[in-house]
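I open these notes with two sites in mind, and I want to record what I looked up at each of them.

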Amino acid sequence: MKNKKNYPSEVYLNGNWMPPQEATVSVFDRAFMFGDGIYEVTPFYRGKPFRLQDHLDRLKYCLGEIKIPFDFSILETLMFEVLSRAGLSDSDAAVYIQVSRGAAPRTHYFPDDPKPTFLMYAFPAQLEKFQEKRWKVLVSEDFRWQRCDIKSTALLANTMSNEEAIAGGFDENLLVRDGYFTEGSHSTAFFVSDGTVYTHPEGPHILSGITRKLVLEMCRDLGVAYKEEAFLLNNISEVQEIFLTGTTTQITVVESLHTEGKEIYTSQNGEITARLQEEFARLTRASQ
Ligand SMILES: Cc1ncc(COP(=O)(O)O)c(C=O)c1O
């Protein structure tokens, strides 16, 4: 069944707080015309941001890659303000930020004097009980572009893939490019084979996940062997555990993997995933 979501009661748009029904942007906004924008989602565990600097750094990197100018000076303050105005300072929540290149007469090339559109809002997030989730996942062809490292609002390939998964009764996709697993439609993928954790190396074919980075740090700290190496779909029979990670996905077990109506993987042994989940829960809830 599809997970229904609500609008927030208030958003911050270009310097003003307002109800979403009053928040409007130009039909010539380049995010509307071209998907010419960047977004970021930062988790707050009971009001405390987790890995905030990493999220800000990625936003800065992505805006830099597509040359959208943006003033970061009051962003952090605003993120706390949006949370408190939404009444979410003591709950689990996330802050959504979107910066587009703004409105300009339609041209493929970038306008000379962009006036970026800045949108931000907070929403409640379910960040508990992730250890209990068991996802049924669909293998899909990765037909996205060659700059998946840019967290662009142009997500049509991701949304088309995920729609197919959800409509088919699955929870997420695992995308495959040239025979190798890249990542999920909105998550990072990890495979455990003979005690070693594998994940796709950073680069243009995946988003550099903040949770991915944390999982690799945890592997290092816990003495779990890992390799930043892409895993072949054809080698799926060598896999004992698969898990997906993300800001709101956290660390979720993949129960089964399906392609062309066949189940090609069933979770066998979740020992390493469970250790990582335990450490993740400890770190995200530390100092609460
Ligand atoms: C395509 C894709 N990969 C990976 C991730 C996970 O990234 P993070 O851990 O920073 O949330 C996301 C998150 O939305 C995503 O959209």
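**Second largest pocket**

I began with the elements that form the lining of the second largest pocket, and I found that strand S1 (11–13), helix H1 (30–34), strand S5 (93–100) and strand S6 (117–124) each supply at least two residues. I note for the record that this is a predicted model. The largest share of that lining comes from S6, which gives three residues. I then looked up the volume of the second largest pocket, which is about 420 Å³, and its lining of 18 residues, of which Leu13, Ala23, Val25, Gln98 and Leu119 are the closest to the centre. Sorted by class, this lining holds twelve nonpolar, five polar and one charged residues.

**Ligand shell**

I turned next to the ligand and counted 17 residues around it, with Arg58, Glu183, Ile210, Thr211 and Thr247 as the closest. By class, the shell has three nonpolar, ten polar and four charged residues.

In the side chain of threonine 211, an N or O atom is 2.6 Å from an oxygen atom of the ligand.

I also checked how far the ligand is covered: taken alone it exposes 390 Å², and the protein buries 92% of that. Strand S9 (180–184), helix H5 (210–222) and strand S13 (241–246) are the elements that give two or more residues to the shell.

Terms used: Residues numbered from 1 in each chain as written. Predicted model: local features only at pLDDT ≥ 70, side-chain atom pairs only at ≥ 80, totals over all residues. Heavy atoms only, no water. Near = heavy atom within 4 Å. Polar contact = N/O pair within 3.5 Å; in protein donor to acceptor, adjacent residues only side chain to side chain. Areas by Shrake-Rupley, 256 points an atom, 1.4 Å probe, with all protein chains shown as cover. Helix = DSSP H or I, 4+ residues; strand = E, 2+ residues; numbered from the N terminus. Nonpolar A, V, L, I, M, F, W, Y, C, P; charged D, E, K, R; others polar. 1 Å grid on protein atoms, 1.4 Å probe; cavity = no way out; pocket = protein on both sides within 12 Å on 5 of 7 lines; lining within 4 Å. Points joined across faces, edges and corners; volume = space filled by probe spheres on them.
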